Amino acid sequence: MPADTANPFTGTTVGISVENVNKSYGNVNVLRDISLDVKPGEIFCIMGPSGSGKTVLLKQIVGLEKPTSGRVLIDNFDASDPETRTKVHLAFVFQAGALFNSLSVYDNLALYPREHRLGDENSIRERVRHALSILSLEKAADKMPSELSGGMKKRVAIARALVMEPQLLVYDEPTAELDPILSATISEIIATLREQIAVTSLVVTHDRALALGIADRIAIIMDGRIRTISTAQELKHNTEPIITDFMNPVIDPKNPRFRKLEPNNE
Amino acid sequence: MLKRFVLFCENFGAALIMLANSARHLKTLPRQFSRFIDQCYLIGYTTMPIVTILSFFIGSVLALQSGYSMENFGANQFIGTLVGLSMARELGPVMVAILVTGRAGSAITAELASMNVYQEIDALKTMNIPPERILVLPRLVAVLFMMPVLSMVANLCGWYGGAIVCQYTQFISVDTQSYFAALKRYMNFKDILDGLMKAEVFGFVVVTICCHIGLTVRGGPREIGAAVTNAIVTSLIFILVLDYFITMALL
């Protein structure tokens with residue numbers, strides 16, 4: 001973890017503290033008593049099967065939703081308070097990019113500094129070009145999001161997050177729907193950004209290679225509960241059946257799960 | 001029934017909060033001038049051709065029908081008054097509001113709902129950019145600006161549609177000069193002003209409903225179509241119900 005590197009934008013990085021968070025939609029409890037701490041400058045991955053509550057947890061952390069009980073603190077500010085976003089530079093890279101389809105790549109990146117009046121048009125242009133150059137996207141500046149491939153959309157989404165000069169970068173499934181080479185590129189970008197700008201990174205992913213390759217610590221979440229929080233090395237040697245089943249799934253046609261799919265067994 | 005009423009109250013309250021949040025950002029309007037112009041184009045310019053055509057023919061039909069009936073009483077000379085007042089006080093504003101709902105309101109709901117479904121609204125929130133500021137406020141101001149313009153165009157086209165029919169239909173045969181003389185004699189500026197006021201209220205309500213429904217869509221792409229239908233139906237009901245109460249208040 002690059003603890004000595006200072007964030008070039010704000011000089012500081014931020015930590016996250018999730019304290020006994022529960023989240024319910026009607027009678028469905030999606031998150032149950034979740035507690036975890038993300039240290040400043042750390043790359044922290046959250047893994048878990050589909051429907052385990054990973055994205056819901058992210059929404060509580062970035063303040064898009066309010067927990068039913070418990071709280072999330074970012075640098076000691078309550079994440080659900082809209083004012084927190086004015087105090088902490090937080091950027092969210094959405095799973096599908098969430099690029100503004102009516103704006104060009106350049107305007108997607110320039111929206112944040114323009115709306116927050118962070119300088120004149122020349123300085124905004126410099127800021128946007130710098131972010132585009134970090135992600136090697138200079139030639140895509142004038143393209144519309146609909147003209148981009150899946151991998152490029154992800155990179156543009158990361159570039160848009162960088163324009164916000166973040167202290168905390170939150171990624172939701174950054175390698176989903178990408179081929180292995182593009183996934184590796186995105187993993188490298190996440191790791192490099194931490195080295196370059198000392199940003200705290202929180203990554204929700206299914207991608208074992210990504211998590212084991214770049215994370216300082218990994219949390220496994222299942223059925224809305226945290227099962228373990230450990231380093232990649234510790235996780236590889238974890239012998240709990242529920243963890244090994246998830247980390248090293250074996251495809252066995254004789255497995256009862258598959259037999260259920262056979263029409264004669266219904 | 002009670003559940004529906006509670007849902008209506010919730011939506012009404014949420015729409016009011018959206019309006020209040022938009023009003024908080026009024027001072028940002030000068031630097032959103034290009035967005036305001038874009039919305040004026042969408043609401044005003046793109047609706048203008050259909051408003052022109054329909055109001056011309058509504059004025060024509062009104063003159064034709066009233067000429068057919070009034071001929072029996074020898075009251076043809078009052079057709080100009082009837083068409084003039086009907087267009088200015090009632091048909092102009094209501095028809096423009098309905099056309100704005102169908103042409104611009106549906107586009108607003110579809111755009112905002114699709115932004116919501118594809119997480120663009122969430123992206124704005126995480127960027128600390130209130131959606132009301134850049135998505136709702138320019139539309140509300142644009143509709144307040146464009147509704148009187150569209151209503152006046154509708155009135156003029158309707159009046160001229162009526163005039164042409166009166167001039168060239170054999171059983172009416174009221175010349176243009178007499179038609180407009182009758183129109184002027186029994187109409188005053190207040191009649192036109194009342195119609196424009198109605199149009200302003202209708203436009204404001206339509207854009208509020210369409211923005212609110214677009215911004216509160218939940219689910220996937222299928223819900224975008226349902227949201228558009230919901231926005232149009234709700235807007236039409238509001239236009240006609242409000243029309244009654246505003247007319248009663250203005251008479």
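Tutor: In this predicted model, 20 residues of chain A are in contact with 16 residues of chain B. The size of an interface is often given as the accessible area lost when the parts come together. Here the area buried between chain A and chain B is about 1,700 Å², and carbon and sulfur atoms give 59% of that area. The polar side of the interface comprises 6 residue pairs in polar contact, counted with both residues at pLDDT 80 or more. Three elements of chain A, helix H2 (84-87), strand S6 (90-93) and helix H3 (105-115), each supply at least two residues of the side that touches chain B. The largest share, 4 residues, comes from H3(A). Sorted by class, this side of chain A has 12 nonpolar, 3 polar and 5 charged residues.

Side chains of opposite charge can pair when their charged atoms come close. Across the interface of chain A and chain B there are 2 salt bridges. Glu115(A) forms a salt bridge with Arg35(B), with the closest N and O atoms 2.7 Å apart. That pair crosses between chains, from helix H3 of chain A to helix H2 of chain B. Glu115(A) also forms a salt bridge with Arg133(B), where the closest N and O atoms are 2.8 Å apart. Glu115(A) has a relative accessible area of 9% and is therefore buried. Arg35(B), at 22% relative accessibility, counts as partly exposed.

Helix H2 (residues 33-45) of chain B also holds Phe36(B), which pairs with Phe145(B) in helix H6 (residues 131-168) of chain B, 109 residues away. The ring centres of Phe36(B) and Phe145(B) are 5.6 Å apart and the planes stand at 75 degrees, so the pair is edge-to-face. The two partners can be described by their accessibility: Phe36(B) counts as buried at 11%, whereas Phe145(B) counts as exposed at 52%. Over all chains the structure has 12 aromatic pairs. Elsewhere in chain B, Phe8(B), Phe12(B) and Phe238(B) form one aromatic cluster.

Within chain A, the side chains of Arg194(A) and Asp216(A) meet in a salt bridge at 2.7 Å, N to O. Arg194(A) lies in helix H6 (residues 180-197) and Asp216(A) in the loop between helix H7 (208-214) and S9 of chain A, so the pair ties together parts that are 22 residues apart in sequence. Both Arg194(A) and Asp216(A) are buried. Arg194(A) forms a salt bridge with Glu195(A) as well, the closest N and O atoms being 3.6 Å apart. Glu195(A) is partly exposed, with a relative accessible area of 46%. In chain B, salt bridges that share partners join Arg89(B), Lys190(B), Asp191(B) and Asp194(B) into one network.

As background to these pairings, chain A has 10 helices and 10 strands, and 50% of its 266 residues count as buried. Among contacts in chain A between residues at least 6 apart in sequence, 67% join residues at least 24 apart.

Notes
Residues are numbered from 1 along each chain as its sequence is written. Chains are lettered from A and ligands numbered from 1 in the order in which they are written. This is a predicted model: local features need pLDDT of at least 70, side-chain atom pairs count only at pLDDT 80 or more; totals for chains, interfaces and linings use all residues. Side-chain values use heavy atoms; hydrogens and water are left out. Contact means heavy atoms within 4.5 Å. Buried area is the accessible area (1.4 Å probe) that two parts lose on being put together, summed over both. A salt bridge is a side-chain nitrogen of Lys or Arg within 4 Å of a carboxyl oxygen of Asp or Glu. A polar contact is a pair of N or O atoms within 3.5 Å; within protein, one must be able to donate a hydrogen and the other to accept it, and residues adjacent in sequence count only if both atoms are side-chain atoms. Ala, Val, Leu, Ile, Met, Phe, Trp, Tyr, Cys and Pro count as nonpolar, Asp, Glu, Lys and Arg as charged, and the others, Gly among them, as polar. Rings of Phe, Tyr and Trp (its six-membered ring) pair if their centres lie within 6.5 Å; planes under 30 degrees apart count as stacked, over 60 as edge-to-face and the rest as tilted. Buried means under 20% relative accessible area, exposed over 50%, partly exposed in between (1.4 Å probe, protein chains only).
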